[in-house]
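Thanks for coming. I will go through one protein model today, starting with the whole chain and ending with a single residue.

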Amino acid sequence: MDPIPHARRLRRAQTLAEEKLWAIVRGRRLEGFKFRRQVPIDRYFADFVCRDAKLIVELDGASHEDRELHDMVRTDVLENCGYRVLRFGNELVLSDPGAVAEAIGAALRLRA
């Protein structure tokens, strides 16, 4: 299966929280790092990826409730691919985007 069409569908159907975070990280707006959305890595699609810093930002909404084990396995796979994974709830992105941006910026500075 070609992952590109699925990634495009995910980008078009982004959540409000994804839209808000994309506005923060797109165009090298955060610490000068380039992010991409819905990037296929191994068998998953990572929400936001900065390849230079080897950082993945995952947003967790209602679809992640009662899926802690699945998310742990997903994080392990992504980390085994060489990435650090940050997770934020959609509610936090919507209510305090500045705090989320600061946390991501701090992670980027650690890897730079």
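**Overview of the model**

Of the 112 residues in this protein, 42% count as buried, where buried means under 20% relative accessible area, exposed over 50%, and partly exposed in between, using a 1.4 Å probe and protein chains only. The model is predicted, so local features need pLDDT of at least 70 and side-chain atom pairs count only at pLDDT 80 or more, while totals for chains, interfaces and linings use all residues. Residues are numbered from 1 along each chain as its sequence is written, and side-chain values use heavy atoms, with hydrogens and water left out.

The protein has 5 helices and 4 strands. These are DSSP runs, numbered from the N terminus: helices are H or I with at least four residues, strands are E with at least two. Read from the N terminus, the order is α-α-β-β-β-α-β-α-α. Of the contacts between residues at least 6 apart in sequence, 56% join residues at least 24 apart; contact means heavy atoms within 4.5 Å.

Next, two helices. In general, a packed pair is described by the angle between the axes and the distance between them. Here, the axes of α2 (residues 16–25) and α5 (residues 97–111) come within 11 Å and cross at roughly 50 degrees. That makes α2 oblique to α5, since angles under 35 degrees count as roughly parallel, over 145 as roughly antiparallel, 65 to 115 as roughly perpendicular, and the rest as oblique. The axes are lines fitted to C-alpha atoms over the stretch in contact, and angles run from 0 to 180 degrees between N-to-C directions.

Which residues of α2 and α5 meet? From α2 there are Lys 20, Leu 21 and Ile 24, and from α5 there are Pro 97, Val 100, Ala 101 and Ile 104. This contact divides into 6 nonpolar residues, no polar and 1 charged.

Now the hairpin. Strands β1 (residues 36–41) and β2 (residues 44–50) pair in the antiparallel sense over 5 bridges; pairing requires at least two bridges found by DSSP. Arg 37 has Phe 48 in β2 as its bridge partner. With 2 residues between the strands, Asp 42 takes a positive phi near 55 degrees.

Last, Ala 46, which sits in β2. Is Ala 46 buried or exposed? Ala 46 is buried, with a relative accessible area of 0%. Beyond its neighbours within four places in sequence, Ala 46 is in contact with residues including Arg 37, Val 39, Ile 56 and Arg 74.

Definitions and conventions:
Ala, Val, Leu, Ile, Met, Phe, Trp, Tyr, Cys and Pro count as nonpolar, Asp, Glu, Lys and Arg as charged, and the others, Gly among them, as polar.
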